[in-house]
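Reader: I would like to learn how to read a ligand site and its surroundings. Could you walk me through an example?

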Amino acid sequence: MAEAMLAVIGGSGLYGIDGLEEARWQEVDTPWGAPSDAVLTGRFEGRPIAFLPRHGRGHVHAPTDIPYRANIDALKRLGATHVVSLSACGSFREEMAPGDFVLVDQFIDRTVNREKSFFSSGCVAHVSMAHPVCDVLAVLAAQAARQAGVTVHEGGTYLAMEGPQFSSLAESRMYRESWGADVIGMTNMPEAKLAREAELHYATVAMVTDYDSWHPDHGAVDIKVIGQVLRANGDHARTTVANLARLLPRAGACKAGCDHALDHAIMTAPERRDPALLARLDAVAGRVLR
Ligand SMILES: CSC[C@H]1O[C@H](OP(=O)(O)O)[C@H](O)[C@@H]1O
Ligand SMILES: Nc1ncnc2[nH]cnc12
């Protein structure tokens, strides 16, 4: 089995991490275009780690325009086996309060304007998304966040909306009351789908910044308040990453079978596959295509 390597995708407010040995920002070319930014690589207590700011340094990419495929391909190409997303989110639950972290275990994908798969005509594949999160990685991330002093909620459904505008009050109520969503954000889809196609273990640390717009005592979500919570959360997020890097070597096999998600997924007959598409799939699907 390949040595576990942690990659972190940093969301809003998290554009770098400190304390890496041999730290360097590395440009990575991918067949899917350029990633959001260069990737910060290095070692943490001797263990390899990669960090990619999802919106780019200086927050240049809107949720719709993030190059999700290039990001996942670049991390896989660098040798990552485990990807943790750190993401700001709104909360639909009273008990999931601003400052808390939620280890999401399900997603509802409401995004409509993004490239969602590495596969297409010429190499068709269907992976399972029944259990989109790596249970082993999520448990370790929860432990890492608790060690950092954060209130952690294990399990929750993340609704991914297109954005960039926040939800209306009617949408906020519908997601909360009828759809059973627990948190809301704009970026974890198609990221989680692509990580599964690339056979990466994936988990999300959803950092609650607000109560969206449903809460009678909190009024409408306010970007100024989100910014304040994100700044206050910065140290918790960075300590969680450091703790997780220490815990990761303990990761074993997961129930979702993340690292062999493509075992029976490709439908297109070998002789009918498009060589140009196969070439683009070298990193994400090389294990089953070689
Ligand atoms: C800054 S609030 C809205 C913005 O923050 C979240 O991004 P990320 O998941 O990268 O932390 C949310 O999804 C929106 O893109
Ligand atoms: N309420 C909210 N809706 C969507 N994305 C968010 N990111 C942080 N808070 C959010």
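This is a predicted model: local features need pLDDT of at least 70, side-chain atom pairs count only at pLDDT 80 or more; totals for chains, interfaces and linings use all residues.

Reader: Which residues are around ligand 1?

Author: The shell consists of Gly11, Ser12, Arg54, His55, Pro63, Ser87, Ala88, Gly163, Gly185, Met186, Thr187 and Ile226. Sorted by class, four are nonpolar, seven polar and one charged.

Reader: Where does UniProt place the feature "binding site"?

Author: The unreviewed UniProt entry puts it at Ser12, Arg54, His55, Ser87, Ala88 and Thr187. These positions are spread over 176 residues of sequence, yet they cluster in space, with a largest C-alpha distance of 12.2 Å.

Reader: Is Ser12 buried or exposed?

Author: A residue counts as buried if 20 or more other C-beta atoms lie within 10 Å of its own. Ser12 has 23 within that distance, so it is buried. Ser12 sits in the loop between strand S1 (6-10) and strand S2 (21-26). Leaving aside residues up to four places away in sequence, Ser12 touches His55, His59, Ala88 and Leu230.

Reader: And why does Ala88 count as buried?

Author: Because Ala88 has 23 C-beta neighbours inside 10 Å. Ala88 belongs to strand S5 (residues 82-91). With residues up to four places away in sequence not counted, its contacts include Gly11, Ser12, Gly185 and Ile226.

Reader: How many residues of helix H4 are buried?

Author: Ten of the ten residues in H4 (residues 188-197) are buried; among them are Asn188, Glu191, Lys193 and Arg196. Just after H4, Glu199 adopts a positive phi of about 60°.

Conventions. Residues are numbered from 1 along each chain as its sequence is written. Chains are lettered from A and ligands numbered from 1 in the order in which they are written. A residue is near a molecule or strand if its C-beta atom, placed from the backbone, lies within 6 Å of it. Ala, Val, Leu, Ile, Met, Phe, Trp, Tyr, Cys and Pro count as nonpolar, Asp, Glu, Lys and Arg as charged, and the others, Gly among them, as polar. A residue is buried if 20 or more other C-beta atoms lie within 10 Å of its own, exposed if 12 or fewer, and partly exposed in between; C-beta atoms are placed from the backbone. Helices (H or I, at least four residues) and strands (E, at least two) are DSSP runs, numbered from the N terminus. UniProt positions are given in the numbering used here, feature names are shortened, and annotations may be inferred rather than shown by experiment. Two residues are in contact if their C-beta atoms, placed from the backbone, lie within 7 Å.
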